[in-house]
Amino acid sequence: MDFRDSRSFRMVVMADYFMNPQQYKRLPPSQQVYDYLRDSGYGIIKMPPLGTPKRAVPAWISSTVDQIQEYGNRGFTVLLLGMNSVPGKGIWLTELKKELTKRGTEIPPLKILSTTDLKSPDSTKKCLTGFLS
């Protein structure tokens, strides 16, 4: 079976904020991180928004870890991308790390952005370039 696709074997697990910034009133309303990832050929696994009922989070985390494991087994690079100004870095970091550790799965490389990193498309690109390469 051939698993090559336009993502070039690259996936990012990212905070909901980067796709839905309008839902986060205290943060910059910019989708430049999402745009940059998409245009760079990364596939995206979006984490649940902060308003997700607590009882639904464990299933979402479990499903995300299933995907991280499967993509990893298929040779994909998997990265985690969070936002400093959002609880749990927007990726439910504590819960995600706990489930990965429980399953004996290595925690993917992690980058946490700040509002300073989002001041302009150039600053976002500069911040992400080393992480994504």
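This is a predicted model: local features need pLDDT of at least 70, side-chain atom pairs count only at pLDDT 80 or more; totals for chains, interfaces and linings use all residues.
Biologist: Among contacts in the protein chain between residues at least 6 apart in sequence, what percentage join residues at least 24 apart?

Modeller: The count takes in contacts between residues at least 6 apart in sequence. Within that set, the share that joins residues at least 24 apart is 73%.

Biologist: In what order do the elements of the protein chain run from the N terminus on?

Modeller: The protein chain holds 4 helices and 4 strands. Read from the N terminus on, their order is β-α-β-α-β-α-β-α.

Biologist: Why is the protein chain said to be as compact as a globular protein of that length?

Modeller: The C-alpha trace spans about 40 × 35 × 20 Å along its principal axes. For 133 residues the globule rule gives 14 Å, and the chain counts as compact because its radius of gyration is close to that value, at 14 Å.

Biologist: What part of the accessible surface of the protein chain belongs to carbon and sulfur atoms?

Modeller: Of the 133 residues, 41% are buried. The accessible surface comes to about 7,400 Å². The part of that surface belonging to carbon and sulfur atoms is 50%.

Biologist: How far apart do the centres of the positive and negative side chains lie?

Modeller: The protein chain carries 19 positive side chains and 12 negative ones.

Biologist: Which residues of helix α1 are buried?

Modeller: Helix α1 covers residues 32–39. Its buried residues pack against β1, β2, β3, β4 and α4. The residues concerned are Q32, V33, Y34 and L37.

Biologist: Which residue takes a positive phi just after α1?

Modeller: Most residues other than glycine have a negative phi. The residue just after α1 has a phi of about 90°, and this residue is G41.

Biologist: Is W92 buried or exposed?

Modeller: W92 lies in the loop between β3 and α3. Its phi is near 55°, a positive value in a residue other than glycine. Buried means under 20% relative accessible area. With a relative accessibility of 7%, W92 therefore counts as buried.

Biologist: Which residues have the most contacts inside the largest nonpolar core?

Modeller: This core has 38 residues. The elements giving two or more residues to this core are β1, α1, α2, β3, α3 and α4. The residues with the most contacts inside the core are F18, L81 and L113.

Biologist: Leaving aside neighbours within four places in sequence, which residues is F18 in contact with?

Modeller: F18 belongs to the largest nonpolar core, where F18 is among the residues with the most contacts. Its partners include V33 and Y34, which are buried residues of α1.

Biologist: How far apart in space are D16 and K46, C-alpha to C-alpha?

Modeller: D16 is in the loop between β1 and α1, whereas K46 is in strand β2. D16 is buried at 3% relative accessibility, and K46 is partly exposed at 26%. The two residues touch. They are 30 residues apart in sequence, and their separation in space is 5.7 Å.

Biologist: Not counting residues up to four places away in sequence, which residues does K46 touch?

Modeller: The C-alpha atoms of K46 and T94 are separated by 16 Å. The residues that K46 touches are M14, D16, M19, N20 and W60.

Biologist: How far apart in space are S62 and K119, C-alpha to C-alpha?

Modeller: S62 lies in helix α2 and is partly exposed at 24% relative accessibility. Leaving aside neighbours within four places in sequence, S62 is in contact with E99 and R103. S62 and K119 are 57 residues apart in sequence, and in space their distance is 34 Å.

Technical notes. Residues are numbered from 1 along each chain as its sequence is written. Side-chain values use heavy atoms; hydrogens and water are left out. The radius of gyration is taken over C-alpha atoms; the globule rule is 2.2 Å times the number of residues to the power 0.38. Buried means under 20% relative accessible area, exposed over 50%, partly exposed in between (1.4 Å probe, protein chains only). Contact means heavy atoms within 4.5 Å. Accessible areas come from the Shrake-Rupley method with a 1.4 Å probe; for residues, only the protein chains shown count as cover. Lys and Arg count as positive and Asp and Glu as negative; His and the chain ends are not counted. The place of a charge is taken as NZ of Lys, CZ of Arg, CG of Asp or CD of Glu. A nonpolar core is a set of buried Ala, Val, Leu, Ile, Met, Phe, Trp, Tyr and Cys residues joined through side-chain atoms within 4.5 Å.
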